[in-house]
Amino acid sequence: MTSTINYDEKIPNNVGLSSDRRLQRALEGWQPKFMNWWSEMGPTLEAHDVYLRTAVAVGRAGWAHFDHVKPDEYRWGIFLAERDSDRRIAFGEHKGEPVWQQVPGEYRADLQRLIVIQGDTEPASVEQQRHLGLTAPSLYDLRNLFQVNVEEGRHLWAMVYLLHAYFGKEGREQAEDLLLRNSGNPDSPRILGAFNEETADWLAFYMFTYFTDRDGKYQLGTLKESAFDPLSRTCEFMLKEEAHHMFVGTTGVDRVVMRSAQLIREHDTLEIGPHGGVPLDVIQKYINFHYSVSLDLFGSETSTNAANYYTAGLKGRWQETRRDDDHRLTEDSAFLARPRADGTWVTEELSALVTLNLDLRGEYLADCRTGVRRWNRILEEAGISYRFALPHPGFNRSVGVHGGFAITPDGEIIDERVWRHLEHKWLPTSSDLAFVRSLMQPVHEPGKIASWVAPPINGINGKPFDYEYVHLA
Ligand SMILES: [Fe+2]
Ligand SMILES: [Fe+2]
């Protein structure tokens, strides 16, 4: 195990693949299927080359190399964070024991399931975003889209490696299926709901990379704590790449808000649609939608599966080792607010173990608030009194205790019929979507940018905004 990555092999890796011929052959058999998937389901816009980063090492310093690369020739590979030979299990009934280098028989099915669910989201997002290149607002944004897409492809590789290396024939079959399910496909959809929604425009892309990639960050954070060490190390390295995806989201929404604020000031009206900007209330509706579907990804607030995964050591809490408690949680409790049919809320005290999904959601929610604060600061600095807000966690939910209830962004439980009358105020309507769509005119010239978004403050890897990030085919 080295911290540098071998690019001489067919599959770049730092897992010593060449010393395991069987595994190497199996993965080399999967590789052309992945390439097929990429050409059929990956980006529809043909680029001659894109200024992309490629991982060259997994250590702390200087892990990435930037160069113009043809996306089809990107070197997808298998990179695990360095192994800590003293690492011990940090939580659950095996707390204090050495971490596992192999999959214990009794946890095989559960671990495989966790890896498949994580793996399924990675190619799904590439499928959801495949047409966006055609309407990119600038070459800088187009480059970021390609970067996110190739790395999600690599995250699929990361999960497929685990399936191939540790789960035998069943793992190999699951690896094939990860390429057969497709986002939004009525016959074989992706496993999780949010990954079957189309990312139809660039505002949705920024929201997705802000809210949904951030869900991914928290899920990976729990798997990074896993007692199954190869999974932990895989996730640790994926998190490194994910940081850029969320940066694209955070700064993407920043730039939309900045441009809208500019147009509001310039024309002295909130109705900036006719001036080529996205009105603030439409941005708020996008926030409401993407935040609420991302909350569904955390699963049900009460979950015995989550409790079992924790006790077994398969999946920890966010920043498990920094928590100041016994890391077993058998004596602890947590509170859950539950909507009732009479329109009131009741607070229940439950075992901390069955509410671990709620715990993770709480960490995520706090993180999402920081985005809203920064977007509001942009408005404040522009002297605009409008403020964005995250809706109540019960708003527009299908999964968990809120499913089946109609709950307003303020947390009021209302009648289903009333909801249908008011929904258009809270979620993007078909005319909002069509309007945002109409703004999505491609700008593929270096240094130029679309009307509805401000240019970035900094370019990528020290390059200026007008750098030729992409050469189109
Ligand atoms: Fe990912
Ligand atoms: Fe991502």
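## Exercises on a predicted model

Phenylalanine 435 is partly exposed, with 16 other C-beta atoms within 10 Å.

**Exercise 1.** Determine in which helix phenylalanine 435 lies, and how far the residue is from glutamate 348 in sequence and in space.

*Solution.* Step one places phenylalanine 435 in helix α11, which covers residues 430-439. Step two takes the exposure class: a residue is buried at 20 or more other C-beta atoms within 10 Å and exposed at 12 or fewer, so the 16 found around phenylalanine 435 make this residue partly exposed. Step three turns to the pair, for which the separation is 87 residues along the sequence and 43 Å from C-alpha to C-alpha.

**Exercise 2.** Work out which residue is the bridge partner of leucine 336 in β4, and describe the hairpin of β3 and β4.

*Solution.* Strand β3 (residues 333-339) and strand β4 (residues 345-351) run antiparallel and are joined by 7 bridges. Within this pairing, leucine 336 has glutamate 348 of β4 as its bridge partner. The hairpin has 5 residues between the strands, and glycine 343 takes a positive phi near 85° there.

**Exercise 3.** Find the loops that hold glutamine 319 and asparagine 461, and state for each residue its phi and its exposure class.

*Solution.* Glutamine 319 belongs to the loop between α8 (304-312) and β3, and its phi is near 50°, which is positive although the residue is not glycine. With 12 C-beta neighbours inside 10 Å, glutamine 319 counts as exposed. Asparagine 461 belongs to the loop between α11 and β7, where its phi is near 55°, again a positive value in a residue other than glycine. Because asparagine 461 has 13 C-beta neighbours inside 10 Å, the residue counts as partly exposed.

**Exercise 4.** Decide whether α3 and α6 are roughly parallel or antiparallel to each other, and list residues that make the contact.

*Solution.* Two packed helices are described by the angle between their axes and the distance between the axes. For α3 and helix α6 (residues 229-267), the angle is about 170° and the axes are 10 Å apart. Angles over 145 degrees count as roughly antiparallel, and α3 and α6 are therefore roughly antiparallel to each other. The contact includes Asn144, Gln147, Glu151 and His155 of α3, and Pro230, Thr234, Met238 and His244 are among the residues from α6.

**Exercise 5.** Identify which residues of the largest nonpolar core touch the most other members, and which helix gives the most to this core.

*Solution.* The largest nonpolar core has 112 residues, of which Val160, Leu203, Met207, Val256 and Ile283 touch the most other members. Helix α3 (residues 139-166) gives the most to this core, with 17 residues. When residues up to four places away in sequence are left out, valine 160 touches Trp30, Gly119, Ala175 and Leu178.

**Exercise 6.** Compare the radius of gyration of the protein chain with that of a compact globule of 473 residues.

*Solution.* A compact globule of 473 residues would have a radius of gyration near 23 Å, and the protein chain, at 23 Å, agrees with this. The C-alpha atoms fill a box of roughly 65 × 60 × 40 Å along the principal axes, and 45% of the 473 residues count as buried. Among contacts in the chain with a separation of 6 or more, 69% are between residues 24 or more positions apart.

Key. Residues are numbered from 1 along each chain as its sequence is written. Chains are lettered from A and ligands numbered from 1 in the order in which they are written. This is a predicted model: local features need pLDDT of at least 70, side-chain atom pairs count only at pLDDT 80 or more; totals for chains, interfaces and linings use all residues. A nonpolar core is a set of buried Ala, Val, Leu, Ile, Met, Phe, Trp, Tyr and Cys residues joined through C-beta atoms within 7 Å. Helices (H or I, at least four residues) and strands (E, at least two) are DSSP runs, numbered from the N terminus. Two residues are in contact if their C-beta atoms, placed from the backbone, lie within 7 Å. The radius of gyration is taken over C-alpha atoms; the globule rule is 2.2 Å times the number of residues to the power 0.38. Axes are lines fitted to C-alpha atoms, for helices over the stretch in contact, and angles run from 0 to 180 degrees between N-to-C directions. Angles under 35 degrees count as roughly parallel, over 145 as roughly antiparallel, 65 to 115 as roughly perpendicular and the rest as oblique. Two strands pair if DSSP finds at least two bridges between them.
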